[in-house]
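Have the view open beside you as you read.

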Amino acid sequence: MSEMDGPAGSPVLEINELRMVYGGRAVVDGLTFQVKRGEIFGLLGPNGAGKTTTLSIVEGLVRPVSGGARVDGFDVRRHPFEVKARLGVQLQSSSFQPELSVEQIVRLYAGVYGVRLTREGIGRSLGTIGLGEERGKRFKQLSGGQQQRLALSIATIHSPTLLLLDEPTAGLDPQSRRALWNRIEGLRSGGSSILLTTHSMEEAQAVCDRVAIMDHGVLITVGTPAELISKHKDDPDVLAVAHGQVTLEDVFIGLTGSEIHD
């Protein structure tokens, strides 16, 4: 089996001793973890923990001081084109040309990725995300939830091996958030692996197979949500912030501190 085939059981993403420094301060410091093939993996941490920097390194937008990352076996620095072909990315605030229609945006990005879509195919694709009736609307006319659904659809238009989601449901109402959760689950069922950042412990517990908690650029703990609760439920710092039965949010605050991070 070739490197491109992605052998079953091999990690789709490998982060190894990653280190990044800004202004003399390490924002990512010796970070190591793996995302398994077919897994939804949550990267959790307070503001400034290094989550977005980590995603930027995987995307190839930032060059680390040391360490590295591999996507589907390809080093992100040595094989940038192979990596980009396997990545789909949705940022917290995805923005498209506001005057373009939904259909024009789909056609534009399908062309960028070399994906052939007929008018009927576009209609079916938009129908699956509840935008079939909005194909003629301009992007700026869509609601926040509709914009996020379109952004996720564009990020996956080329069936990426690994999907990076940075706060994908930030600012959405409960209905829109649940709809995106279902969409993320569907993408995993379709063969994509997903790395997402989120501040929502409810979201992490609902959709993630495993989560990693990091703070000040350092990985603190990793495991399934249930494993992390079981592992840390008796930690004094966790018990100090718990109200009743220990939750994933209690574990998160107990391990990263209760101070507000700007």
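F41 has a relative accessibility of 0%, so F41 counts as buried. In this predicted model, F33 is also buried, at 6% relative accessible area. What is the geometry of the F33 and F41 rings? Their centres are 5.1 Å apart and their planes lie at 5 degrees, so the pair is stacked.

A search of the whole structure turns up three aromatic pairs. Another of them joins F96 and Y109 in an edge-to-face arrangement. Here are the two pairs side by side:

| Pair | Centre to centre | Angle between planes | Type |
|---|---|---|---|
| F33 and F41 | 5.1 Å | 5 degrees | stacked |
| F96 and Y109 | 5.3 Å | 70 degrees | edge-to-face |

F96 sits in the loop between β6 and α3 while Y109 belongs to helix α3, so their pair ties together parts 13 residues apart in sequence. F96 is buried, with a relative accessible area of 10%, whereas Y109 is partly exposed at 22%. Ring pairs also bring in F139, making a cluster of F96, Y109 and F139.

Now for the helices. The axes of α5 (residues 144-155) and α6 (residues 174-189) come within 10 Å and cross at roughly 10 degrees, which makes α5 roughly parallel to α6. On the α5 side the contact involves G145, Q148, R149, L152 and S153, and α6 contributes S176, L180, R183, I184 and L187. These residues divide into four nonpolar, four polar and two charged.

Finally, helix α10 (residues 248-256) has buried residues L248, D250, V251, F252, G254 and T256. Their packing partners include β3, α7 and β9. After α10 comes G257, with a positive phi near 95 degrees.

Methods: Residues numbered from 1 in each chain as written. Predicted model: local features only at pLDDT ≥ 70, side-chain atom pairs only at ≥ 80, totals over all residues. Heavy atoms only, no water. Buried < 20%, exposed > 50% of the residue type's maximum accessible area, 1.4 Å probe, protein only. Helix = DSSP H or I, 4+ residues; strand = E, 2+ residues; numbered from the N terminus. Contact = heavy atoms within 4.5 Å. Axes fitted to C-alpha atoms, helices over the stretch in contact; angles between N-to-C directions. Parallel < 35°, antiparallel > 145°, perpendicular 65-115°, else oblique. Nonpolar A, V, L, I, M, F, W, Y, C, P; charged D, E, K, R; others polar. Phe/Tyr/Trp six-rings, centres within 6.5 Å; stacked < 30°, edge-to-face > 60°.
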